[in-house]
Amino acid sequence: GLGATALGGWAWHRGVEGAPAAAVAVPFLLQPVVGVGLSALFLGAHLSLAFALGSTLVAAGMVVASRGTT
């Protein structure tokens with residue numbers, strides 16, 4: 001598990017190192033949502049209403065952040 005986590009973190013940072021910070025910040029917010037979603041899919045974790053509400057807030061924040069200041 002430690003090696004997979006280290007490799008995944010390295011790959012993520014390597015993939016986004018040349019991108020502007022504003023472009024990387026928005027998808028970075030999806031990491032916990034995707035992680036919990038995958039745990040529900042593959043491990044049978046129970047998703048609560050709080051997860052659904054939190055995911056909705058993250059998605060709304062991403063929309064707001066993606067609009068920019070123009």
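Colleague: Which pattern does the protein chain follow, read along the sequence?

Modeller: This is a predicted model, where local features need pLDDT of at least 70, side-chain atom pairs count only at pLDDT 80 or more, and totals for chains, interfaces and linings use all residues. Residues are numbered from 1 along each chain as its sequence is written, and side-chain values use heavy atoms, without hydrogens and water. Helices are DSSP runs of H or I, at least four residues, and strands are runs of E, at least two, numbered from the N terminus. The pattern is α-α-α-α.

Colleague: What is the radius of gyration of the protein chain?

Modeller: The radius is taken over C-alpha atoms, and the globule rule is 2.2 Å times the number of residues to the power 0.38. For 70 residues that rule gives 11 Å. The chain is well over this, so it is more spread out than a compact globule, at 14 Å.

Colleague: How many of the 15 residues of α1 are buried?

Modeller: Buried means under 20% relative accessible area, exposed over 50%, partly exposed in between (1.4 Å probe, protein chains only). In the protein chain, buried residues make up 7% of the 70 residues. Helix α1 is hardly covered, and its buried count is zero.

Colleague: Is His-46 buried or exposed?

Modeller: His-46 sits in the loop between α3 (30–43) and α4 (49–67). Its C-alpha is 9.5 Å from that of Val-36, ten residues apart in sequence. The relative accessible area of His-46 is 72%, so the residue is exposed.
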